[in-house]
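Please look at the sequence and the three-dimensional model together before reading on.

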Amino acid sequence: MTYSSRERISHVVRRLGVGAQPDLVPTLADTDDAIAVALDLSVPAEDPPAIPTPASVEEALESGQLRDGISFWVDRMASGTRLIEERLTWFWHDHFATNVRKVRFPYLMWTQHLTLRRHATGSFADLLHAMAVDPAMLFYLDGSQNRVGEINENFGREVMELYTLGVGTYSEDDVVNAARAFSGWVVAVPRPERPIRVPADPWTAFFVPFRHDAGRKSLLGVSGALDAGDAIDILLDQPATAEFVAAKLYHHLTGLPAAPALRADLGRVFRADYAVMDLVEAIVAEPGFLAEESIRSKVRTPLEKAVTLLQAYPVHERAEEWLAMTLDTAQYLPFLPPNPAGFPDGPRLLDPYRLVHGLDFAGVVDPRALGPLDVDALFERLGVYDVSPSSGDVVASEANPLNRLALAIGSPEFALT
């Protein structure tokens, strides 16, 4: 299929930001203009809300602590001007998937989000070092239980399988030795009823030497009395790490697999200094980013559907509650990935359950705000410019504005992005 220039511009905005940005797309002259705007980080970032530090475990367990954080995050996705920052913040949340139900403390999930946001467009090396001792991650993958004599391998395995090297590039001995290197880190949980002096602020991670396995280790051919920082540096030094992460981001932004030669080329660019934006710019410069086969090659995620509707139309007064419920039903609520591998994507999002419940997203829109838009105008508000005659006829046959919107978001054109 040959796509129109407006659809191609919309493609750039959808891939480098979150949602369709229907008010922005008509102002962009061409795809070069769209790329420049989407990658522009010169506009000052809006400060995230400051969530008070919990004084006790009971206070930290209160689920409402994340409410303002989620509202801020979704609002930034929907209306923020630093498009690539929002796309990458979500990408890293999915890459380092951490679930609040396992972590238990919403405050720690918010501090992890701030870490992801702070490093999203910066250095992957700095981000990886930070995530290795992130308090929420220490709880999620049981790192706080990892101590000499009782080594827990969860993070040692996942950091190689999911975050750096990828499957088939390390041995079981590497997992064990990595886990030993990561031992000794705990979280300072305030317990007023049992005051214990610790060398750290409440809810931060700190290192306990007597819990660390200080023995000699061998990780990916490097031997010594390795600690967490050493282990991360060894992983970053592996060409496979740069290639794995670069190929994953390439697929995320283009919807296409990276051929072996391209994977190696992007890996070399990334490994030079692990600058995230250098990698993004290299990916965007690749022919695959604007190729016809890249456009609408990805299944639109429930989060992208939700954010698009927030951008497209005014919402009703209970929209925040409705949105949270609908995203939770679709297993796409921020801070609740279903497993360490992250949120589902691709064809898994086209199962009958999610397709049916995908129509629920129309319920976030205030029906009083839906005027008698013609079919093209309706689809353009959803970021879709090239609509098949059959989809157009189906939507046009419905007179009720809210039902017409539901049919549009249920169309094949909106299912893909």
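Helix H4 (residues 67–79) and helix H5 (residues 83–95) pack at an angle of about 135°, and their axes lie 9 Å apart. Here, axes are lines fitted to C-alpha atoms, for helices over the stretch in contact, and angles run from 0 to 180 degrees between N-to-C directions. H4 and H5 are therefore oblique to each other, given that angles under 35 degrees count as roughly parallel, over 145 as roughly antiparallel, 65 to 115 as roughly perpendicular and the rest as oblique. Helices (H or I, at least four residues) and strands (E, at least two) are DSSP runs, numbered from the N terminus.

The model is predicted, so local features need pLDDT of at least 70 and side-chain atom pairs count only at pLDDT 80 or more, whereas totals for chains, interfaces and linings use all residues. Residues are numbered from 1 along each chain as its sequence is written, and side-chain values use heavy atoms, with hydrogens and water left out.

Which residues of H4 and H5 meet? From H4 come Trp73, Arg76 and Met77, and from H5 come Glu86, Thr89, Trp90 and His93, where contact means heavy atoms within 4.5 Å. The residues of this contact divide into 3 nonpolar, 2 polar and 2 charged; Ala, Val, Leu, Ile, Met, Phe, Trp, Tyr, Cys and Pro count as nonpolar, Asp, Glu, Lys and Arg as charged, and the others, Gly among them, as polar.

Arginine 117 belongs to helix H7, and its contacts, not counting residues up to four places away in sequence, include Trp73, Arg76, Glu86 and Thr89. Arginine 117 is buried, with a relative accessible area of 9%; buried means under 20% relative accessible area, exposed over 50%, and partly exposed in between (1.4 Å probe, protein chains only). Between arginine 117 and histidine 93 there are 9.1 Å in space, C-alpha to C-alpha, although the two are 24 residues apart in sequence.

| Helix | Residues | Reach, first to last C-alpha | Expected span |
|---|---|---|---|
| H1 | 5–16 (12 residues) | 17 Å | 16 Å |
| H7 | 106–119 (14 residues) | 20 Å | 20 Å |

H1 is mostly covered, with 9 of its 12 residues buried, and what covers them includes helix H2 (31–38), H5 and helix H13 (239–254). H7 is also mostly covered, since 12 of its 14 residues are buried, and its cover includes H4, H5 and helix H8 (124–132).

A residue with another setting is glycine 371, which is found in the loop between helix H19 (352–358) and helix H20 (375–381). Glycine 371 is partly exposed, with a relative accessible area of 36%, and its C-alpha atom is separated by 9.6 Å from that of leucine 402, 31 residues apart along the chain.

Taken as a whole, the protein chain contains 23 helices and 4 strands. Its radius of gyration is 23 Å, close to the 22 Å that the globule rule gives for 417 residues, so the chain is as compact as a globular protein of that length; the radius is taken over C-alpha atoms, and the rule is 2.2 Å times the number of residues to the power 0.38. Of the 417 residues, 55% count as buried, and residues 24 or more positions apart account for 72% of the contacts with a separation of 6 or more.

How values were computed
The expected span of a helix is 1.5 Å times one less than its number of residues.
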